[in-house]
Amino acid sequence: MERVDCVIAGCGPAGAVLGLLLARAGLRVTVAEKHGDFLRDFRGDTIHASTLTLLDELGLGDEFARLDQQRITELRLAAGDREWPLADLRRLPGRHREIALMPQWDFLNFVTRHAANYPGFRLLMETEATGLTVEQGKVTGLTVAGGTIRATLTVAADGRWSTVRQAARLPVRAYDAPMDVLWFRLPRRDSDTASTAGRVAPGRLLIRIDRGDYWQAGYVIEKGGYDRLRAEGLDAFRSDLATLEPALADRVGELASWSDVSVLDVRVDRLRRWHRPGLLCIGDAAHAMSPVGGVGINLAVQDAVAAANLLVRPLRTGTLSERDLVRVQRRRAMPTAVTQAGQRAIHRRMVAPLLDGGASPPPVRVLERFPALQAIPAYLLAIGVRPEHVRT
């Protein structure tokens, strides 16, 4: 295939946003996506305040706001007959004091539709990355089913199970996670409270997200606990859900079989080195995040913006070197490490004790007693550490 300035493996949030920004800067960029569409259930569906600001900077914010979505301004946790505050997004600085919730496929369709307005952008669906081409120690392109895409820069944005990352044999640092998550859908009634909430009980945690005509529900279990749950039977699981969240008791029967349940193997890791000559990893391919806080999408989008800001000039001038790729990692390594440290602290101090049968953890009570402190988790969740802005 013809040579391009950049080829990107994977059209998730990181790949789509980077493709848009590079094409907008006049570069030739090809994005290879292995699936035929973006319709994947139970992918991260949160669009954070920092991403909403990015869309404003691109002149797309008003159009995006007209798409079907839910906006939330606070996060709360229910325990028994009480609700505990977690984060008050109304305390955020700037225009966007909220998080948008929408199916990820709608977000990706929106971004790639606008990227296609630029002549240098090409999206290849049903084009799975299978490996790398390497010449004299430098990555020179991406091998895909049916051919090779040669490029000055190859970017791995193909998720936590990245084929490209494995082919590059980059060193990775992995951390323990105490949980996995079962995702499933339940019907939403018009009489249901329109909110996004979590509910806890000793040994159990349920998250539900308002998707308009259905609830996207996440049931947190101990790491590797799915086989035990299946052995106990689907009836026991449905009964447990009804006891934990009585408001959903009249519809747990919609879970007809275990095929209606998707298991997320929670992983937390990050590459020690995100690059090698001609190759850069971003998003989940560089750092797999816990679902805690739903911040994985935000980190991926911020990686893409930073990469575009730092790499457009050397790509334009033909002077790209590994030092430029080092600059991207240096820019994004600290936010990644800080965010993962926060997630791991929540794993240790909140999730693990809860799954062991503990009650509501003390930090939640502190947030209720001192409401101003709710601005801190709000900022970390909705904006994040070192938010990026479009400089290209």
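Predicted model: local features only at pLDDT ≥ 70, side-chain atom pairs only at ≥ 80, totals over all residues.
In β17, which residue is the bridge partner of valine 181? It's leucine 264.

**View 1. Strand β13 and its two pairing strands, β16 and β17.** Here we look at β13, residues 179–187. Seven of its nine residues are buried, so the strand is largely enclosed by the rest of the structure. With β16 (residues 214–222), β13 runs antiparallel, and nine bridges join the two. To find your way along that pairing, look for leucine 182, whose bridge partner in β16 is tyrosine 219. β17 (residues 262–264) also pairs with β13 in the antiparallel sense, this time over three bridges. That's where valine 181 meets its bridge partner, leucine 264.

**View 2. Leucine 229 in helix α6.** Helix α6 covers residues 226–232, and leucine 229 lies in it. Leucine 229 has a relative accessibility of 7%, so it counts as buried. What does it touch, once residues up to four places away in sequence are set aside? The list is Leu182, Ile221, Phe237 and Trp258.

**View 3. Arginine 199, a buried arginine in strand β14.** Strand β14 takes in residues 197–201, and arginine 199 sits within it. Is this arginine buried or exposed? It counts as buried, because its relative accessibility is 16% and the cut-off for buried is under 20%. Its side chain makes a polar contact of 2.9 Å with the side chain of glutamate 245. Leaving out neighbours within four places in sequence, arginine 199 is also in contact with a run of other residues, among them Leu77, Ala78, Ala79 and Gly80. Arg204, Leu205, Leu206 and Leu244 are on its contact list too.

**View 4. The open sheet β3-β7-β4.** Three strands make up this open sheet, with antiparallel pairing in the order β3-β7-β4. β3 (46–47) and β4 (70–72) stand at the edges with a single partner strand each, so one side of each has no neighbour in the sheet. β4 is joined by three bridges to β7 (residues 99–101), and the two run antiparallel.

**View 5. The open sheet β12-β18-β21, with helix α9 lying across it.** This is another open sheet of three strands with antiparallel pairing, in the order β12-β18-β21. The edge strands are β12 (172–175) and β21 (287–288); each has a single partner strand, so one side of each is left without a neighbour in the sheet. β18 (residues 268–271) pairs with β21 over two bridges in the antiparallel sense. Look for aspartate 269, whose bridge partner in β21 is alanine 288. Helix α9 (residues 322–355) lies across β12, β18 and β21, and it runs at about 165 degrees to β18.

**View 6. Helix α4, mostly covered.** Helix α4 takes in residues 104–115. At 1.5 Å a residue, its twelve residues should span 16 Å, and its end C-alpha atoms are 16 Å apart, which agrees. Nine of the twelve residues are buried, including Trp105, Phe107, Phe110 and His114.

**View 7. Helix α11 and the segment after it.** In α11 (residues 375–382), Ala378, Leu381 and Ala382 are buried. They cover an arc of only 80 degrees around the axis, which puts them on the same side of α11. The buried residues of α11 pack against α2 (49–57), β5 (74–79), β6 (82–88), β7 and α8 (296–317). Just after the helix, glycine 384 takes a positive phi of about 90 degrees. Arginine 386 is found in the segment after α11, and its phi is near 55 degrees, a positive value in a residue other than glycine. Its relative accessible area is 31%, so arginine 386 is partly exposed.

**View 8. Glutamate 126 in a loop.** Where is glutamate 126 found? Look in the loop between β8 (121–124) and β9 (129–135). Glutamate 126 isn't a glycine, yet its phi is positive, at about 50 degrees. With a relative accessibility of 63%, glutamate 126 counts as exposed.

Methods
Residues numbered from 1 in each chain as written. Heavy atoms only, no water. Helix = DSSP H or I, 4+ residues; strand = E, 2+ residues; numbered from the N terminus. Buried < 20%, exposed > 50% of the residue type's maximum accessible area, 1.4 Å probe, protein only. Polar contact = N/O pair within 3.5 Å; in protein donor to acceptor, adjacent residues only side chain to side chain. Contact = heavy atoms within 4.5 Å. Pairing = 2+ DSSP bridges. Arc of directions from axis to C-beta. Axes fitted to C-alpha atoms, helices over the stretch in contact; angles between N-to-C directions. Expected span 1.5 Å × (residues − 1).
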